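This report looks at one helix and at several charged pairs in a protein model. Please keep the sequence and the structure in view while reading.

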Amino acid sequence: MNGTAVVRVAGVVWVTVAVGWTVCGGVRDPAAAGVFCGVVVLGEALRVPPGADREGAPLATAGALGYALLGPGGAGVPQAVAVACAGAALGTLLRPHLPAVPVAVPAPPPVPVPAPAHRRHARPAARGEARWGPAVRRGAGVGFAALCCQPLHGETRLTGAALAAVSVGVLALVGLCDAAVAAALGPRPFAAGVGDELRGLAGMGSAVCAGGVVLALAVGSAGLWAVPVVALPLLLTQLGLRGHAAVRATYRQTVTALARATEVAGYTPVGHARRVGELATAVGRELGLPARRLMLLEYAALMHDIGQLSLVDPVPRGATEPLDAGRREAIAVRGGEVVRRTGAPAEVALIVEVQARPYRDQPLAGRIVRAVNDFEDLTGENAAPQRRLAAVERMRLDTDHTYDPQVVDALTRVLAHRPTWAWLDARGDGKELG
């Protein structure tokens, strides 16, 4: 059992015990539990779709933390976890009945590649497993916050500014705990995931933590009537994030349509841009790129061949890898000019424009796009295992000038981890591509 499975199982057990304890012992202060549960339900029902936003439900997170930080007379640790998770579950059930945020039309799935015999009977990942992550994070964060705050509501009896200062310190520890849990559950390396989550605390994370503290202090001073007043700014912020997510989804649809233009015109094979985009994003995640840089990398990978539309004579199979350096760079420069006219961020145009240069003259995203595109050009879709292995070996031989060794290593790890790319388990002979 790997670390992710251990964290997931421990989180599910912890949430189950907390809910069972609360049910058996009865709900303490049902009015407060109901109000804060309603805040969590509303926040989860209006959750922002996944994307560049690290915090998808700031209102729900702040409400759950505020309930955990309540002063004397508040809920204990098990009830705080139970209320937060029950609200999250109800909000998830309610979400399909609310107006949905537009999302990009998903691309057709790739044709599966047969795996080696010893992996053909491996259990595929269940679709519902990806939904355990937010629940485990919510249960761990709320439980840790409530556990740390219990001494403050016992003999210490801190009030006013002292209680606020200590609560902020507790929430800093909660942020560290949440970052560690998120990194353990995430697909990227643990150290990179922790760093990415901690960077996010300086933005929306700090606002959410402050909202939780203010909720707890306001209820302690003015009662439950203060909850709607304090929660309203967070609700408006979350609605703004949903609007931004709709714009981002629409723009991604535009990028996908532009990427398909080369396929419709016959310049590149069908599905080439999609495959490069998916694999480049996986490599970037393996290298620990933060969420926004992953989004920019995906856009650049989808539009990396857009410059081929300027060619009078299409390149055979759209493969630019065999071309000389001058012709490749000319195509890349034209592609950068096209991307700039689409209104894309300047970073995307730069990645597309410099992808044909030596890797030391490129940003990391450009190195990833170059390596993944050339791998795709050398192999194509559903190539034989020997051909794929030979492509990687060929790229390793040119890591002094063309390919970044770090990117090639990350590409190899990603290919080895994917069930459909299990060809790396085969014993290839390393012969040159035919």
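## Terms and source

Helices (H or I, at least four residues) and strands (E, at least two) are DSSP runs, numbered from the N terminus. The model is predicted, so local features need pLDDT of at least 70 and side-chain atom pairs count only at pLDDT 80 or more, while totals for chains, interfaces and linings use all residues. Residues are numbered from 1 along each chain as its sequence is written, and side-chain values use heavy atoms, with hydrogens and water left out.

## Helix 11

Helix 11 has 17 residues, 325-341, and at 1.5 Å a residue it should span 24 Å. The expected span is 1.5 Å times one less than the number of residues. The end C-alpha atoms are 25 Å apart, which agrees.

The buried residues of helix 11 are R328, I331, A332, G335, G336 and V339; buried means under 20% relative accessible area, exposed over 50%, and partly exposed in between (1.4 Å probe, protein chains only). These residues cover an arc of only 145 degrees around the axis, so they are on the same side of helix 11. The arc is taken from the directions from the helix axis to the C-beta atoms. An α-helix has 3.6 residues a turn, so residues three or four places apart point the same way.

Helix 12 (346-354) and helix 13 (364-379) are among the elements that cover the buried residues of helix 11, where contact means heavy atoms within 4.5 Å. After helix 11 comes G343, with a positive phi near 85 degrees.

## Salt bridges

A salt bridge is a side-chain nitrogen of Lys or Arg within 4 Å of a carboxyl oxygen of Asp or Glu. By this rule there are 13 salt bridges. E44, R47 and R95 are linked in a network of them.

Within helix 9 (residues 272-286), E278 and R274 are 4 residues apart, so about one helical turn separates them. Their side chains form a salt bridge at 3.9 Å, N to O. E278 is partly exposed at 34% relative accessibility, whereas R274 is buried at 15%.

## Pairs that join helices

Which residue forms a salt bridge with R292? The partner is E347, and the closest N and O atoms are 3.4 Å apart. E347 lies in helix 12 and R292 in helix 10 (residues 291-302), so the pair ties together parts 55 residues apart in sequence. E347 is partly exposed at 35%, and R292 is partly exposed at 44%.

E353 and R340 also meet in a salt bridge, at 3.2 Å, N to O. This pair ties helix 12, which holds E353, to helix 11, which holds R340, across 13 residues in sequence. E353 counts as buried at 16% relative accessibility, while R340 is partly exposed at 43%.
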